[in-house]
Amino acid sequence: MTSATPVLYSFPSSDLLTESLATYITKIQKEAINKKGRFTIAISGGSLPKTLRGLIGKPGVKWDKWHVYYADERIVPLDDPESNHALCERELFSHLGGALPAAQIHHIDESLLGDIEELTDAYEGELIKEFANKDAARFPVFDLVLLGMGPDGHTASLFPGHPLLSEADRWVAYIEDSPKPPPKRITLTLRVINHAAHVAFVASGDGKKDTLRTILDEPEQGLPCSRVRPAHPGTVSWFVDDAASALTKYARTQFGV
Ligand SMILES: O=C1O[C@H](COP(=O)(O)O)[C@@H](O)[C@H](O)[C@H]1O
């Protein structure tokens, strides 16, 4: 089975990056809705939610068709500053005037914070409700997964050298020893990410340039981000700024949809 080759888009400013990312997401959303009447997306936390501001007020975004999941989440209350859901609420959802129904934003069950195994099963159950039997695939096929890139090359809550990278069965898995705080998290597994129709990474700033070079120029090092290669006909794109791409020799593609 062939897997997608990364496509690199690099932008001179954060405004251009966010605008182009919004255009890209809107296009994928339109294709998904035309095909099946809904759009399934998994969103990361960290610096990513802020880069989605270009979607706010953008014509053509059909929020009522969105079904949002988290690529990873920290095991903290939903209003905790460490929560990826809280971050997405603050940066995006709270600016939509209720256009994206709350029931279509699938966050962790806060009543299960004390039992990470049960919480993980419950979150996997949310995905099963959406995806099981829809396309007869063993793994869910998200229309789009949006990922960040940590300075150590981690993505979602998949960390370099961690055994979770080899999880072959689960859709959602938990980690209790995350090297980046907080230690307890859940994450989509690499298998799920690599079954998505489209995956897009977003990374910006000078602090990311060494890691981005390793990921794109030396994929054989096997950093988690390099291991994101959706199977054909899936795609993997990188939306970065010129500061982050300053060291990579990887070929740039002119953005245009
Ligand atoms: O801990 C996390 O880190 C990654 C990367 O974050 P960034 O701030 O360096 O962009 C993020 O994608 C993930 O969702 C988050 O839980």
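Predicted model: local features only at pLDDT ≥ 70, side-chain atom pairs only at ≥ 80, totals over all residues.
**Sheet.** I looked up the strand order first. Six strands form an open sheet, ordered E1-E9-E8-E5-E2-E3, with parallel pairing. Strand E1 (7-11) and strand E3 (66-70) are the edges, each pairing on one side only. From one strand to the next the twist averages 20°. His198 has Thr235 in E9 as its bridge partner.

**Helix H1.** I checked what helix H1 (residues 14-36) lies across. The list is E1, strand E2 (39-43), strand E5 (144-148), E8 and E9, and the helix runs at about 160° to E9.

**Ligand shell.** I counted 14 residues around the ligand; Ser44, Gly45, Gly46, Ser47 and Gly148 come nearest. By class, the shell holds four nonpolar, eight polar and two charged residues.

**Backbone.** Most peptide bonds are trans, and most residues other than glycine have a negative phi. I noted the following departures.

- Pro181 and Pro182 are joined by a cis peptide bond, with omega about -5°. I find Pro182 in the loop between strand E6 (172-175) and strand E7 (185-188).
- His232 and Pro233 are also joined by a cis peptide bond, with omega about 5°. Pro233 sits in the loop between helix H5 (209-217) and E9.
- Ala156 has a positive phi, near 50°, though it is not glycine. Its place is the loop between E5 and E6.

Is Ala156 buried or exposed? I count Ala156 as buried because it has 30 C-beta neighbours inside 10 Å, and the cut-off for buried is 20 or more.

Notes: Residues numbered from 1 in each chain as written. Near = placed C-beta within 6 Å. Nonpolar A, V, L, I, M, F, W, Y, C, P; charged D, E, K, R; others polar. Pairing = 2+ DSSP bridges. Helix = DSSP H or I, 4+ residues; strand = E, 2+ residues; numbered from the N terminus. Axes fitted to C-alpha atoms, helices over the stretch in contact; angles between N-to-C directions. Contact = placed C-beta atoms within 7 Å. Buried ≥ 20, exposed ≤ 12 C-beta atoms within 10 Å, placed from the backbone.
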